[in-house]
Structure formats: C-alpha cells, structure tokens
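Here are a few notes to get you started. Have a look at the model first, then read on.

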Amino acid sequence: MQEKLKTIIVEDEELARNLLKSFLKDVENIEVVAECENGFEGVKMINELKPDLVFLDIQMPKITGFEMLELLDHKPHIIFATAYDQYAIKAFEYNAADYLLKPYSRERLKEAIGKVAERIENEGSVSDVAEKVSEYPKGEYLDRIVVKDRHKINIIPASDVRYIESMDDYVMIYTQNGRHMKQQTMKYFESALDPQNFIRIHRSYIVKVDEINEIQQYEKESYIVILHDKTKLKVSKSGYKNLKDILNF
Amino acid sequence: MNFKHPFLSKPRLVIYYLLFWIATGIATVLLKWYSFNVEPGTAAVEFFALPFLFAIVGTSIWYVIKFSTLENNSVPRVILSHFIAATIIVLVWLYIGVVFIKLLHPESSVYIDNRIPINIFMGYAFYVIYVLFFYAVNYYEGFKEKLRNEGKLKGLVKEAELHALKSQINPHFLFNSLNSISSLTMADPVKAQEMVINLSNLMRYSLKHDQVEKVPFREELKNNKLYMQIEKVRFGKKLNPVFEVDEACLDVEIPNMILQPLYENAIKYGVYEATEPIDIVTRCKMKDNMLEVVIQNNYDPEALSKRGEGIGLRNIRDRLQIIYNNPLLMKVEDNKTDFKVTLAIPQKN
C-alpha cells in the first residue's frame, strides 16, 4: 500500500473546511495534518510540516492564496478550491494540480486527488511553483507585494516601493521603511508594476518615477539616475530610452 | 430653486416676446392713425413711451413671483408683496414714460393730463397679467423638472435593484453560500434547510421590488437581517451583527434597497479582510421627524483594500438627493479603525 499524502487545508470558512475534511475522510491515501484559517497561518504550517498536498482557497483575509504561494520555502502540490472561475488560468500558471469550483462534488474532489497522485508518480518530485510565474496578466497591475523577512510577513503597497534591485535569483525591494528580499524575477516586476509609475532603467534596476530627482550624464553616452535621497543608480542604453519615453524629454 | 429668468435661460422666448410687442405696436399705431387721425410718429411715441416700456420694466416681475411663491408663503403675504411690487413698478414705469412723452410728444402736457389715471389703472392691469403669465411659466418649468427627476430616480432605483441582484449572484456570496449549504447537508440538515429558505427569501425580496420607491422600514430591515444571517452562517464568530432599533422606527418609510449596499460594504471591507471578529452595529431612532439609521463596523486597518465612494454609496447619495432634495442626508465617517455611515430619512408629518 502506498504512503499517505500529508495534506494541509488553507481555507477561511469553517463550513468549507468541514466539508472538505468530511470528503477527505473517505479517501484512504490522504491524511490531513493541519487546517489553517488564513494565508499567514498557511505559510507557517506549510514551511513547518512540509506537506505533500495543500488545498488552497484564493480569497482570504490578509493575503490571497497566490500571495501565500510566493512565500513558501517548501513547494507542495496545490489544489485550488474557490468560488471564482476567473482565476483558473492564473492557478495553472502557478502549476496547480487542479482547480475546484465551489460547491464541488465528492467525485470531482477524488478526480483532483487522482491528478496529484499521477503527478507524484510521473515526476517523483514537486516542480518549483514560483518560477513558472514570470509574467503578470496584461491590463491590471500589482497593487501590493507580499514579502517574508525572517518570520514576519509584510504586505507592501506597490506605491511604497522606491526601487527594486536584482540580486541573482532574488530581488531586493527598497521602500521608505527599509528593504525586503523576495524570490522573484525582474521580468515579473517589470510587467507587474504599472509602467507609468515604474521604469526599468537597467538590467538590475526598476525605479519609481516619483523617486527620481535628477538624471545625470557622467560619461559619454552613459547616465545615472539620482534619487531624492542621493542614491545613485546606473542607467543602461535601453533604460535611458525607457526614461525618455515615459518622462517625455 | 432656480431663480434664473426664463428670458435668460431661453433666448428664443425673448424673440417671440419682442415680436408680439412689435406687432401690437404696429397694430396700435395703424388703428390710431386710421380711426383717430393721430400722426403715425406721435402714435409710435405714445406706444413706445407707455405700453412698450411696460414690456421692458415688466420682465422684472419674474423675480417678484420667485421670491413670493405660493408654496412657501401665506396668501395674504403674497398679495401684500405683489401690491407693494406693483405700486413700485407702476410708479417707475409711469415716471420714465412721462419723461419720454415730455421729450418726444408734440402735445405732451395735454396728453399726460388726460391719461394719468387711466394709465395707473392700465399699469396695475398689466402687472396682474404678467404675474399670471410668469406663474404659468414657473409652474410649467417646475412640472418639467419634476418629470426629469422622476425619470432619473427610476433609473437609480433600477440601478440599486440591479446592484442588489448582482451582489447576490456574485460568486463570492452565491457559491460560497451554496458551498456552506453543501457542507451543512451532511453536518446539520436542519440548518441547511434554514439556509436554503433564507437564501430564497432574500433573492425573492430583491426580485419582487419592481418600481416601488419606498417601503416600510420594517421590511427593509427584515431583508437585511436575512442577509446578515446568511453571512453569519458562513463566517461564524467572525461576524457579529448587532441591531439596536427603536420600536418607533419600524413603521416609517424608507427608499427601498437603500441599506443593502451599506451592509455589503461592511462585510466586504470588514469581515472578508479580518481574522478577528467584526461587529456590524445598526442603530435606528427617530430624531426631529427623521429616521436616523447608523451602520457602523470596525475593520482591520492593515488590510490594504482600495476604498473610494463606490457605486453603492454613490447610488444612495444620488437617490436621497433626488427624493428629498437634500445632499446632506448621508454622512460617511472613517477613522481608520471604524467605518460609519449615517442616513437621515425625512418623514412626512
């Protein structure tokens, strides 16, 4: 007999958790090891218990299911369970195993678990979730960024971001109150932040327009941006063109 | 109220008015010429100096009727103010008229001596005709304005109904409620049944209220309690609705569907975003012949949701403005931990 899948439920409504639990009771290869009422608890328990499978709601207090996924060190298989159908595409971009629409039937749930079992058989290991997400859907922009510093989760309004610097696999996000590291790509932020407010000025920098105090030439065909707090950032050739386009000079 | 003179807001009226007086003038001159053998030039001066001058001075009577409307003043007061205004206007008119006659008329003194009493009488008679004419214009404009407002109100009521229906078929509410029912069918079938009935009653209420502008507060309150009950089943201890309603409020009238957006906002911005219990407190009392409804909820100040005056609040404000002609009946306060909306619904005596 196969090993049981360690499972965590992240869902803010008690009745919805109860329903899922009672459905799962009859599934023999599932063992529910924890239930979480919101994304903060979810991050903590998933990183601690390292489950194989997580049932995840999307609209929850504090942070959404998607934001929670970005904060995980351990990457389990994900089955989304939500009342909305409009997040399905995004869910599969996050490499979700399945997407259950509430209210769902026992059979539909079993089918979803079947997909997870299949994945585990085929891959053996869980693929990296966050890396798949490199571009943000067009037409809407990020209004907040969720970061984890040691054991504290911070929600930063996008408008508080001063600039972002790339650091290998991570980015450093500078705000008025400090800086935060996040595992994400520059390309993601370039498409996720409103291009009217944030400009990619260099391979390594995205800067908020309002933070720019001065653009200075320091060598022939080479520029730097000086921010209000005197921070100097390099500008590349294509970055200079981006600046010109947005600021109209 | 609109004090603007109809001649200013509708220049076309001025042209008709002038044409009318010029035609009358030509007819008068011709008549005097043929019948009484008066020189056309003299007849024209006579017409210009007195009747036509009244046509100009008389336009100011509009402001008199606007300041002493029949709706807001007692009849003796209106008559008195018209009598005073008429005397002033007639005196001014006659004085200027006499000056013109003296300057232009070949036999001015004879003409004036014969005509003063009859012209005073004519002045008052003209005044009465003008007052009736302007009251008619005023009444007609008010009537048109009312029609316009009724149309606008119908649109807003439709919008409110549509909003209520939309929020009930919005996936967060509908499918999550159905999911709760799905859960309860196994754990607590009696409660599941209760929830199905509540959900049906709520939707029936939104569907049936077609074109009814006002409903008893009792009904509106019952409907919103139903809505809170359904959400309470979903959110459990996280949602704590409190109702403090004076008995005296229950039978007064309130525009329909006007409260639901407020509860919806309290749940959306309060309960959805919170991990701690949220109190949604409703206080209703009668105050100076007004129904005062206060709906207040605490919320998590760290929850970063954008919050402007959404379609729900705007619709309420517009409807109160049109129905009661007062933009100050809704008050919104937000002190970063509590959100509070106060409505004052005027009642008839």
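Predicted model: local features only at pLDDT ≥ 70, side-chain atom pairs only at ≥ 80, totals over all residues.

1. Start with chain B. Helix 9 (residues 217-235) of chain B packs against helix 10 (residues 260-271) of chain B at an angle of about 20°, and their axes are 10 Å apart. That makes the two helices, helix 9 and helix 10 of chain B, roughly parallel, since angles under 35 degrees count that way. The crossing of helix 9 of chain B with helix 10 of chain B is right-handed.

2. Who makes that contact? From helix 9 of chain B come B:Asn224, B:Tyr227, B:Met228, B:Glu231 and B:Phe235, while helix 10 of chain B brings B:Gln260, B:Tyr263, B:Ile267 and B:Val271. Sorted by class, that is six nonpolar, two polar and one charged residues.

3. Now chain A, which has seven helices and 15 strands. Its C-alpha atoms fill a box of roughly 70 × 35 × 30 Å along the principal axes. Of the 249 residues of chain A, 35% count as buried.

4. Look for an open sheet of five strands in chain A, ordered 10-9-8-12-11 with antiparallel pairing. At its edges sit strand 10 (178-182) and strand 11 (198-202) of chain A, each pairing on one side only. On average, neighbouring strands of this sheet are turned by 20° against each other, direction ignored.

5. Zoom in on one pair: strand 11 of chain A and strand 12 (residues 205-208) of chain A run antiparallel and are joined by four bridges. A:Arg200 has A:Ile206 in strand 12 of chain A as its bridge partner.

Notes:
Residues numbered from 1 in each chain as written. Chains lettered and ligands numbered in written order. Axes fitted to C-alpha atoms, helices over the stretch in contact; angles between N-to-C directions. Parallel < 35°, antiparallel > 145°, perpendicular 65-115°, else oblique. Left-handed = near helix turned anticlockwise from the far one by under 90°. Contact = placed C-beta atoms within 7 Å. Nonpolar A, V, L, I, M, F, W, Y, C, P; charged D, E, K, R; others polar. Buried ≥ 20, exposed ≤ 12 C-beta atoms within 10 Å, placed from the backbone. Pairing = 2+ DSSP bridges.
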